[in-house]
Amino acid sequence: MLELRPNCECCDKDLPPESREAMICTFECTFCADCADGVLQGQCPNCGGEFSCRPVRPAMLARYPASTKRILKAQGCIPVKAA
């Protein structure tokens with residue numbers, strides 16, 4: 001089940017479960033749309049993967065609650081350099 005992390009790993013912006021601003025990669029790394037598109041230029045700094053919109057599941061949150069564990073990159077967001 002998708003974790004639905006509560007914040008952007010880059011800027012720590014709150015991304016509640018119903019947020020349409022949350023972007024994820026295949027490893028569930030979570031960033032806000034501003035950081036994913038701007039600073040990171042569409043590429044995850046953790047795994048190099050592409051971002052897609054994180055799905056929402058409001059009807060199932062009672063049974064499968066969103067994560068409360070916040071993950072934040074201590075060094076901030078550094079764009080992935082093109083190879």
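Author: Strands are DSSP runs of E with at least two residues, numbered from the N terminus. The model discussed here is predicted.

Reader: Where does arginine 5 lie?

Author: The strand to look for is β1, which covers 22–24. Arginine 5 lies in the segment before β1.

Reader: Is arginine 5 buried or exposed?

Author: A residue is called buried under 20% relative accessible area. The relative accessibility of arginine 5 is 14%, so arginine 5 counts as buried.

Reader: With which side chain does the side chain of arginine 5 make a polar contact?

Author: The contact has a length of 3.4 Å. The pair also meets in a salt bridge at 3.4 Å, N to O. The partner of arginine 5 in both is glutamate 9.

Reader: What is the relative accessibility of glutamate 9?

Author: Glutamate 9 also sits in the segment before β1. Among the residues glutamate 9 touches are Phe31, Asn46 and Leu72. Glutamate 9 counts as buried because its relative accessibility is 4%.

Reader: Which residues are linked with Arg5 in a network of salt bridges?

Author: One link in this part of the chain is the bridge between glutamate 9 and arginine 5. The network holds one further residue besides these two. The residues linked with Arg5 are Glu3 and Glu9.

Reader: How many salt bridges does a search of the whole structure find?

Author: One of them joins glutamate 9 and arginine 5. Another is between glutamate 21 and lysine 13, with the closest N and O atoms 2.5 Å apart. Aspartate 14 and arginine 70 form one as well, at 2.9 Å. The count for the whole structure is five.

Reader: How many residues apart are aspartate 14 and arginine 70?

Author: The two form a salt bridge. This pair links distant parts of the chain, with aspartate 14 in the segment before β1 and arginine 70 in the segment after β3 (52–53).

Reader: Is aspartate 14 buried or exposed?

Author: Over 50% relative accessible area, a residue is called exposed. Aspartate 14 has a relative accessibility of 53%, so aspartate 14 counts as exposed.

Reader: How far apart in space are leucine 2 and cysteine 53, C-alpha to C-alpha?

Author: Leucine 2 is in the segment before β1 and is partly exposed at 21%. Residues that leucine 2 touches include Ile24, Arg54 and Pro55. Leucine 2 and cysteine 53 are 51 residues apart in sequence. In space, their C-alpha to C-alpha distance is 13 Å.

Methods: Residues are numbered from 1 along each chain as its sequence is written. This is a predicted model: local features need pLDDT of at least 70, side-chain atom pairs count only at pLDDT 80 or more; totals for chains, interfaces and linings use all residues. Side-chain values use heavy atoms; hydrogens and water are left out. Helices (H or I, at least four residues) and strands (E, at least two) are DSSP runs, numbered from the N terminus. Buried means under 20% relative accessible area, exposed over 50%, partly exposed in between (1.4 Å probe, protein chains only). Contact means heavy atoms within 4.5 Å. A polar contact is a pair of N or O atoms within 3.5 Å; within protein, one must be able to donate a hydrogen and the other to accept it, and residues adjacent in sequence count only if both atoms are side-chain atoms. A salt bridge is a side-chain nitrogen of Lys or Arg within 4 Å of a carboxyl oxygen of Asp or Glu. Lists of a residue's contacts leave out its neighbours within four places in sequence.
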